[in-house]
Amino acid sequence: MQKPSIPKGTRDFGPAQVARRRHIFNVIRRTFESFGFAPLETPTLENLSVLTGKYGDEGDQLLFKVLNSGDFAKDVTAEDLATGSKALLPKVAEKGLRYDLTVPFARYVAMNRGTLTFPFKRYQMQPVWRADRPQRGRYREFYQCDADVVGTDSLLCEAEIVLMMAQVLGGLGLHDFTIKINHRGVLRNIYQALGGEGRETDLFVAIDKLDKIGRDGVSKELLERGFSEPTIETLFALLSVEGTYEEKLQRLLAGFVTAGVEPDGARPNAADEDITANYRGLTELAEVRDLLVASGFKQFDRLEFDPTLARGLSYYTGCIFEVKINNVQMGSVSGGGRYDNLTGSFGLPGVSGVGFSFGVDRLYDCLEALDLFTATGETPTRCLITHFDVASGRAALPLLAQLRAAGIPSELYPDAKKLGVQFKYADAKGIPLVIIMGPEEIAAGVVKVKIMQSGEEKLLPLGEVVAALTVE
């Protein structure tokens, strides 16, 4: 007999866990909808041509590829099998599992451009898959909750991402968090300050690992990729600027000017007196903060401009975000950024978008570690009607129907068993109320309602039960 198991990096969720996860989804959904985002769903499978080349080399290696069904091997030659040539893959696998929700969203926008109203705001809450090494907080199958808007380059969208992040975390009871923000333009300016040595992508990928492998690990990786030691020292001098949000902007500006970095242009509405205006990344970061001030954002102690934030995905072009819960040993629970031409990969160039995602599984692990979940039963059932014998069971059916019609989740214990067994069932499943309806109660036209938590019992006329429980 085979021992039952599930693939590594995947999990089962029992009723109590599903109820807790549903709470997280509901908080996120309410927040997204309050900011005007509409729901969207895309297929589990995407063509590999849609997925590949969007996440960088490391991301492409983590794609789950799905073998073609049917007689896929008929076009495979012996040479393909012997050499493992690149020509082999499309002959055996043309589809893959979703890696994230952003690229499928960009594909959807390009395919439906004629029917959408721009700016188009959508949220999406679906599972994604990555062929990663499973560990705590990192799974091969996990849920993401995305919110994106395309068709505008307004920085109001970036400011509202910060507002939504803070609102969701507050709604979940997570108050000790840091929202980190940076800009790919700032990273490009840092690259220019290094004299353009090495490959820009190599630099971003290495910086993105700084919190995981530390300065020594990043230095080693950059040396292996051809960066010189003096260049690496200059890099860390720029990345290690300290101070408030504004002070970091000014100190980086001074570093860019000293290094002779060529200005990359200001936004049209940047104030003339704004000395950061010659550098797009610094300008936009300053403007996002101004928009947050105007929006009444009060949690600037939770917002950090972090020049070391790189975000590994290659399609980001503007502001980038990441959220960490400070009092839990866990990676980021949210992240995102601006992408100026992701839809261009699908024949719709020049459509800027920005978005972010919550990782539900990491949020769950954080809430569980901090014991922030309220007591949750294994069932949504609110009332259990006891079952004494065949006659009382039949007599309880009209009341059961009335409770359900009134929106009160209810069930009748299916078997005639001892009352203690039925109470134990209700207690184990977290059902808060038990309606005792035996032969004596039926004859008197009453029922007893037992509150399981306190043990208190109330005697109610049969005709008043639904109204009384609806008020409660």
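Biologist: How many residues does the protein chain have, and what percentage of them count as buried?

Modeller: Of the 472 residues of the protein chain, 47% count as buried. Please keep in mind from the start that this is a predicted model. The protein chain has 18 helices and 16 strands, and its C-alpha trace spans about 95 × 65 × 50 Å along the principal axes. Among contacts between residues at least 6 apart in sequence, 68% join residues at least 24 apart.

Biologist: Which helix is largely enclosed by the rest of the structure, and why do we say so?

Modeller: Helix H14, residues 360-369, is largely enclosed by the rest of the structure, because eight of its ten residues are buried. Buried here means under 20% relative accessible area. The buried residues of H14 are Val360, Asp361, Arg362, Leu363, Tyr364, Asp365, Cys366 and Leu367. They pack against helix H1 (15-34), S6, helix H7 (156-171), strand S9 (319-325) and strand S11 (353-359). Just after H14, aspartate 371 takes a positive phi of about 55°.

Biologist: Which strand is mostly covered, and with which strands does S10 pair?

Modeller: Strand S10, residues 334-339, is mostly covered, with six of its six residues buried. S10 pairs with S9 in the antiparallel sense over four bridges, and with S11, also in the antiparallel sense, over six bridges. You can follow both pairings at glycine 336 in S10, which stands opposite phenylalanine 321 and has phenylalanine 356 as its bridge partner in S11.

Biologist: How should I read a salt bridge, and how many does the structure hold?

Modeller: The general idea is that side chains of opposite charge can pair when their charged atoms come close. The structure holds 20 salt bridges. In one of them, the side chains of arginine 122 and aspartate 148 meet at 2.8 Å, N to O. This pair links distant parts of the chain, with arginine 122 in strand S5 (residues 120-129) and aspartate 148 in strand S6 (residues 141-150), 26 residues apart.

Biologist: Are arginine 122 and aspartate 148 buried or exposed?

Modeller: Arginine 122 is buried, with a relative accessible area of 0%, and aspartate 148 is buried, also with a relative accessible area of 0%.

Biologist: Which residues are linked in a network of salt bridges?

Modeller: The network of salt bridges links Asp202, Lys209, Glu221 and Arg225. The side chains of glutamate 221 and arginine 225 meet in a salt bridge at 3.5 Å, N to O. Glutamate 221 counts as buried at 11% relative accessibility, whereas arginine 225 is partly exposed, with a relative accessible area of 33%.

Biologist: In what order do the strands of the open sheet lie, and which kind of pairing do they have?

Modeller: Five strands form this open sheet in the order S13-S12-S14-S15-S16, and their pairing is mixed. Strand S13 (410-412) and strand S16 (457-461) are the edge strands, each pairing on one side only. Neighbouring strands of the sheet are turned by 25° against each other on average, with direction ignored. Strand S12 (residues 383-385) and S13 run parallel and are joined by three bridges, and leucine 384 has glutamate 411 in S13 as its bridge partner.

Biologist: Which helices lie across or pack on these strands?

Modeller: Helix H15 (residues 390-405) lies across S12, S13 and strand S14 (433-436), running at about 170° to S13. Helix H16 (residues 419-429) packs on the sheet and touches S12, S13, S14 and strand S15 (446-451), while its direction makes about 165° with that of S12.

Biologist: At what angle do helices H12 and H13 cross, and what does that make H12 relative to H13?

Modeller: The axes of helix H12 (residues 245-258) and helix H13 (residues 280-294) come within 11 Å and cross at roughly 170°. Angles over 145 degrees count as roughly antiparallel, so H12 is roughly antiparallel to H13. In their contact, Tyr245, Glu246, Leu249, Leu252, Leu253 and Phe256 of H12 meet Leu282, Leu285, Ala286 and Arg289 of H13. By class, this contact has eight nonpolar, no polar and two charged residues.

How values were computed
Residues numbered from 1 in each chain as written. Predicted model: local features only at pLDDT ≥ 70, side-chain atom pairs only at ≥ 80, totals over all residues. Heavy atoms only, no water. Salt bridge = Lys/Arg side-chain N within 4 Å of Asp/Glu carboxyl O. Helix = DSSP H or I, 4+ residues; strand = E, 2+ residues; numbered from the N terminus. Buried < 20%, exposed > 50% of the residue type's maximum accessible area, 1.4 Å probe, protein only. Pairing = 2+ DSSP bridges. Axes fitted to C-alpha atoms, helices over the stretch in contact; angles between N-to-C directions. Contact = heavy atoms within 4.5 Å. Parallel < 35°, antiparallel > 145°, perpendicular 65-115°, else oblique. Nonpolar A, V, L, I, M, F, W, Y, C, P; charged D, E, K, R; others polar.
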